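Reader: Could you walk me through this model and tell me what stands behind each term?

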Amino acid sequence: MTNTWQDIKNANVVLVMGGNAAEAHPCGFKWVIEAKIENGAKLVVVDPRFTRTASVADVYAPIRPGTDIAFLSGVIRYLLEKDRIQHEYVRAFTNAGLIVKEGFGFEDGLFTGYKEDTHSYDRSSWDYELDENGFAKADNTWQHPRCVMNLMRKHVDRYTPEMVSRICGTPQDKYLQICELIASTSAPEKALTSLFALGWTQHSVGAQNIRTMAMVQLLLGNIGVAGGGMNALRGHSNIQGLTDIGLLSNAMPGYMTLATDNEPSFETYMKTRLFKPLLPGQTSYWQNYRKFFVSFQKALYGGAARADNDWAYDWLPKVDKGLYDIIRAFDMMANGEINGYICQGFNPMQAFPDRGKIRKALGKLKFLVVMDPLDTETSRFWEDFGPQNPSDPASIQTEVFQLPTTCFAEENGTLVNSARWLQWHWKAADAPGEAQTDIWIMSGIYHRMREMYRKDGGAFPDPILNLSWNYTKPAEPDPEELAKEMNGRALTDLKDATGAVTVHAGRLLDGFAQLRDDGTTASGCWIFTGSFTEMGNQMARRDATDPREQGIAPNWAWSWPANRRILYNRASADVAGKAWNPQKPIIEWNGSLWTGIDVPDYAPTIKPSDSIGPFIMNAEGMGRLFARDQMAEGPFPEHYEPFESPSENVLHPKVKSNPAARVFASDRAAFGNATDFPYVATTYRLTEHFHYWTKHALINAVLQPEEFIEIGEVLAKEKGIEQGGWVRLSSKRGVIVCKAYVTKRIKPLLVDGKPTHVIGVPIHWGFTGQARKGYGANTLTPSVGDANTQTPEFKAFLVNIEKTSAPVA
Amino acid sequence: MADLQSQDYIRRSASTMTPPSIRNHEQEVAKLIDVSRCIGCKACQSACMEWNNLRPEIGHFEGSYDNPHDLDPSTWTLMRFTEWEDEEGNLEWLIRKDGCMHCEDPGCLKACPAPGAIVQYANGIVDFISENCIGCGYCVKGCPFNIPRINPVDHKSYKCTLCSDRVGVGLEPACVKACPTGAIMFGSKSDMTVWAGERIEELKSRGFSNAGLYDPPGVSGTHVMYVLHHADRPSIYAGLPDRPQISGFVGAWKGILKPVALAGIAFTAVAGFFHWVVAGPNEVQPEDEAEARHLLHKGDDAP
Amino acid sequence: MTHPKGTLTRNTTAARINHWITGGCFVLLVLSGLSMFHPMLFFLSELFGGGQWARAIHPWIGTVLLVSYAGLIVQFWRDNLWSRDDIAWMRAIHRVLVNEEEGVPEVPRFNAGQKFVFWSMALLVPVLFLTGLAIWEIYFFPYTSIETQRIAVLIHSLAAIAAIIVWIVHVYAALWVKGSIRAMTQGYVTPGWAWRHHRKWLRSLAASGSPGPRPRSGDNAAARSRKGR
């Protein structure tokens, strides 16, 4: 979230699209209700199904799964055509006026630079035209034919209301009603908040779905302001923390990226990550990359990371090919290229696409270690549970170790919520049985492995042997100690320019500005610096005082970065530094300082007249309507059909689906077509359950006991399916047999002139736990991911459905 | 917990005497369920199960999100979902939290034959005192809302207590505390009525011209009230009665019939007694025996 | 049971046992039923071990009563058939009430009052049973609607009250007409009793030489009457 949960109440329009906030985030949804009641906000829901969120919406419109980009590109077209954009904001804070290189183009569904053989782009033409100083050229009158504004206008021109309706199946009147509501927030004092979640990410064009909405928000001047923003409602209580701390195959803590094979030396690595401002005077966090990196290496290797060994750069792994995401990992596992798997806090048998493939892949492992508080499907993948898990234990040689762990309520620690708050939590109960903390288990594995390396040597023992492990209890480091390590401390007395000591050796740091690149500071995660200071554990603060009753309580927990609650808050004020919305200012320029209820984006002394852009993560400091080379499939979003889709791509039939997506051969072979599988399916969760955990909890099992799918009345009638009757739902990859909920909430959509049926598949049931046994939605889902993130396309695929009888247990 | 609390009673089932009711200053409470804010998340249902330690059976999917499928002895509140289309075909998904309405004039209490098995406190809460319950099911017949459920194991009737144990110590009911969107509010009945008025105004401004408060006069009002967007037709909300009142049959049975019946019985008995006093017993006389003997022996003499 | 010489058998042993089972059930039903009918009488439930027991046992007793009364119907229906003489008897009820036997038409085995009691109960018992089933919560709740049960419980109460009133009449009549109780306990009446109250019955016994309770009509009837003794 760029904003906070509480801030939603400041919105004038709440758009829930690509998510189902009321069901997946019922507690946070209180702020939507608050916005409606206290702020007169309109709630708009766009979803293939009439959800529980839709049940309290002012306007609902259906949409075919996987067509959000068409819908939102149409919105952009509407805003430009009707001139309903916030001009001053767009001119000052976005790259609308920057001029794009000659040679950039888009034709028949492809941007310039496409490489057919590798399904990827040479992105060099996707950039600005630079002047002699290396700064981007601009035309703020938007007259230049290659300025971003004009290129964008041309790009979205095809998305007429007729075209949107033809692609999305959304009735035109509903669509235009929603366009008008969205457009109403282009007024400087009005804001729209975009609440989304996996409904946008779980597509082969997931990242672009979100980008399209971000562009809408930039045009409306809704980023950085109260009640605005792009608000990703995270699906797990600490999934934000997972990305913050870099638990992805190519990431490091604090959104630093792991070196690649092309960066054999520390200096080449530093050079490719060097921040080069694209506009004069632009500042950015990333200009401190070296400080963050060196401090991280000091946290990791302590004294062993020195200037003369390039801060142990060589001990870090180098990525050889893009991402080792889950789809690749399981493809490798299925091919025998991975033969050991430590599965911590994950349940791939339920959570990853194409369960049949997952089951097969796990069966090829030599060993599988599952660390989980619960008995998961993954840990029992080898066991025959009847039709819901038809395994043959005799043919599986995988040795499975189940290591029971504590759950969040059985340990101290911190969780990062969607609003980037680090909230400390305290242990409430002892863990049952032999459960141990993840820290205890990981430490145990580490100590044993280090001992083996010490005794037996190995190919490359240095990264293991030199790891710094100076904890009070080496066998189980205390969470507070780990939190302090992430925050960082001074390793020697830190002095300012005059030679005065600013931070004494050993003291905890107050903020990342104190980090140094000379090895005198250590910090495990620079964005967390300031979370645990000499003043104490800032994450444990519980002062709910909200000075302006505007949803910002600066002394409640701690928010990264630097306790900033609303990202890009500089953009909440106009060029002169006055709030766009005087009723809800966040920070304002008082003549000498930025002051207000939040921590400003950049140094509070930077004058408005310096024209430093508020989007300080970007080299031009501006919100990007044109993404340069940051996206795999193009600098502008384009509608591509899901990999399994019943429709042609009416915009460019030759390029149907995301041309830059990575698809493994075996997965491509497992795609179904609309002849055999004529119906669109989409998966989702229900409010009664949290993923695959709560089926183990009796109360949740009572509230939603048994697997079912949702089907519209028209299709049900066609197929002779009765309310609550048994159905067989199949995709190219598998079959599930469950009950049908015949509902008025899913109606056939008229897509390109033909009725298209959508079937909803909730994800929660498996073969362990208290609830009744289920097959699991991922039995059906395709193994293809978003071209940028490899998030699997769980939200749009093809199935067939038939009436059947109850499965024989 | 009968003793002290009994002084709060304003009504007590099957009791011909006025219950102790010295605590008459007590404010009437109400739970206000704003259907227009409810997202059907069932947090209220979970909270009810947790606070009251209820664990219904794990059921089956039965063609809707209503789980368990109905109220039962261990399910005191239940979200009921209705897919409703208006005359123009616009779909609304109406979600209503069902449970005891805590009527001001409770039909269950009226029907109950067991003294003190159902009581009403001065704050308006209608509570079942299980130790006095005899399991006859009359409360089920008395209730205009189809709420009480008899447990086949212990033969006691159960329903929402409005968390009388929590309210008694100044807390809100568990469902109110758990509701994430503020769709369930709790306070004095007058405050809740005022707040409902504001909500109704807001709903009218959003085009729900028939928005209104459900506080049915047929049962003299309730201590659980609904804000409905379509207050003109409550029954679209999973059969919420349009005009609930205690059934006329129950009224007759528990009203006029009781004195009339006892009087009838007493009258018959008394009439018999006075007949005895006036006419005396009807005894066989010696002449009767003689006549009979004569008749019987006539046959013997004949041949 | 041996009867004194010269007396007549009014009720066979089987009939008496049947009657008293019915009567006992009826009394228990009245006590337990009234305990659930009016708060003033709830104390009666203590006779059964408390309200739960009274509630639980009442329908079972009712079931026994139904079966038992069916036995009475089998045994007595023929002698309770209505006849024209009953109307004449009814016309003379004012004489009957003041113990004046003269001018009252001769009565067969049962007079119109007795027949009224018999047929009233024959109607009320099944009504009570059927409505009772509808409100027998633990077994039959799901089979009828709550509205049906509301009607059932009202009819059940009305029928019960009617039955109680009929029963009071029946019991009082037995107390009033001396010799009647012995007729149902020991089973016999004196010929004088029969002469006074059921002269037609007496004449028919005398005519066929039967000792009661029914006139002889062939060997079978005789065998039955002997067995009845």
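Author: Gladly! Helices (H or I, at least four residues) and strands (E, at least two) are DSSP runs, numbered from the N terminus. Residues are numbered from 1 along each chain as its sequence is written, while chains are lettered from A and ligands numbered from 1 in the order in which they are written. This is a predicted model, in which local features need pLDDT of at least 70 and side-chain atom pairs count only at pLDDT 80 or more, whereas totals for chains, interfaces and linings use all residues.

Reader: What order do the elements of chain C run in, from the N terminus on?

Author: They follow β-α-α-α-α-α-α-α-α-β-α-α-α. In total, chain C has eleven helices and two strands. Its C-alpha trace spans about 60 × 40 × 30 Å along the principal axes.

Reader: How do you know that the span of helix α5 of chain C agrees with what it should be?

Author: The expected span is 1.5 Å times one less than the number of residues in the helix. Helix α5 (residues 112–134) of chain C has 23 residues and should therefore span 33 Å; the C-alpha atoms at its ends are 33 Å apart, which agrees.

Reader: Which residues of α5(C) are buried, and what covers them?

Author: A residue is buried if 20 or more other C-beta atoms lie within 10 Å of its own, exposed if 12 or fewer, and partly exposed in between, with C-beta atoms placed from the backbone. Among the buried residues of α5(C) are F118(C), M121(C), L124(C), V125(C) and L128(C). Their cover includes α2 (51–76), α3 (84–91), α6 (137–140) and α7 (146–176) of chain C. Across chain C, buried residues make up 38% of the 229 residues.

Reader: Why does G785(A) count as buried?

Author: G785(A) has 28 C-beta neighbours inside 10 Å, and therefore counts as buried. You will find G785(A) in the loop between β30 (758–762) and β31 (797–803) of chain A.

Reader: What is G785(A) in contact with, leaving aside its neighbours within four places in sequence?

Author: Two residues are in contact if their C-beta atoms, placed from the backbone, lie within 7 Å. The partners of G785(A) beyond those neighbours include S204(A), D325(A), I327(A) and Q790(A).

Reader: What makes a set of residues a nonpolar core?

Author: It is a set of buried Ala, Val, Leu, Ile, Met, Phe, Trp, Tyr and Cys residues joined through C-beta atoms within 7 Å. The largest such core here has 261 residues, and V14(A), V148(A) and C112(B) have the most contacts inside it. Helix α9 (residues 206–220) of chain A gives the most to this core, with nine residues. Apart from it lies another core, of 35 residues, Y679(A) and L749(A) being among them.

Reader: How many residues does the contact take from chain B and from chain C?

Author: Chain B supplies 46 residues and chain C 43 residues. On the side of chain B that touches chain C, α9(B) gives the most, with twelve residues.

Reader: How do the residues of that side of chain B divide?

Author: Ala, Val, Leu, Ile, Met, Phe, Trp, Tyr, Cys and Pro count as nonpolar, Asp, Glu, Lys and Arg as charged, and the others, Gly among them, as polar. By that sorting, the side of chain B that touches chain C has 25 nonpolar, 14 polar and seven charged residues.
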